[in-house]
Amino acid sequence: MQATTRLYTLNYDEAKTYLWTIIFVACNLLLPQVFHLVPQGGIIFSPLSLVILVGAYKFGWKTGVLAALLSPAVNHLVTGMPSMSVLLVMTMKLAVLALVAGLTAQHFKSATLPLLIGVVLVTKVLEALGEFIMTGGIAATIADFTIGWPGLLLQVVGGYLIINYLLKK
């Protein structure tokens, strides 16, 4: 008998939603500090995206969106990063990721590598559209593929491992 990974859909009236949001925002405050030890580590590995993907997939889009909206703002206030010039676009991208990941998990009720690849690719397309609407360009989204491909790989493989093994319950 194989145990399956539990995926949740937390609501705004549950204390767990806010507890997990705080945990994910704290992770998004600490994890980038580790990746920024590597030159351009934030751009290459997109650590905020990994945490949002895991949070939304495991605990639902509502928890993911809250963490997505708060993480860049808290990081900016505490560390000055991301810069104000990219804060809104980054927040939009994380919110899109949270929605796509959370709704995918809710619909399919499993976390497989093909599903996570799909989440990342669909998210990138929607982010490019959103970035174009907000800025008139898609330079950062193109950089996600050219410079940030290790981060996309980390989201898929790392997200799969974290959801299915670290946060199994």
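**Close-up views of a pocket and a cavity**

**View 1. Which classes of residue line the largest pocket?** The lining holds 13 nonpolar, 11 polar and 5 charged residues. Here Ala, Val, Leu, Ile, Met, Phe, Trp, Tyr, Cys and Pro count as nonpolar, Asp, Glu, Lys and Arg as charged, and the others, including Gly, as polar. The model is predicted: local features need pLDDT of at least 70, side-chain atom pairs need 80 or more, and totals for chains, interfaces and linings use all residues. Residues are numbered from 1 along each chain as its sequence is written, and side-chain values use heavy atoms, without hydrogens or water.

**View 2. The centre of the largest pocket.** On a 1 Å grid over the protein atoms alone, a pocket is an open set of points with protein on both sides within 12 Å along at least five of seven lines; a cavity is a set where a 1.4 Å probe fits but cannot get out; lining residues have an atom within 4 Å of a point.

**View 3. Helices around the largest pocket.** Helices (DSSP runs of H or I, at least four residues, numbered from the N terminus) build this view. Among those that supply at least two lining residues each are helix 1 (15–35) and helix 7 (139–146). Helix 5 gives the largest share, 6 residues.

**View 4. The largest cavity.** Its volume is about 30 Å³. Ser 49, Leu 97, Val 120, Thr 123, Lys 124, Glu 127 and Gln 155 line the cavity. Helix 6 gives the most, with 4 residues.

Methods: Points joined across faces, edges and corners; volume = space filled by probe spheres on them.
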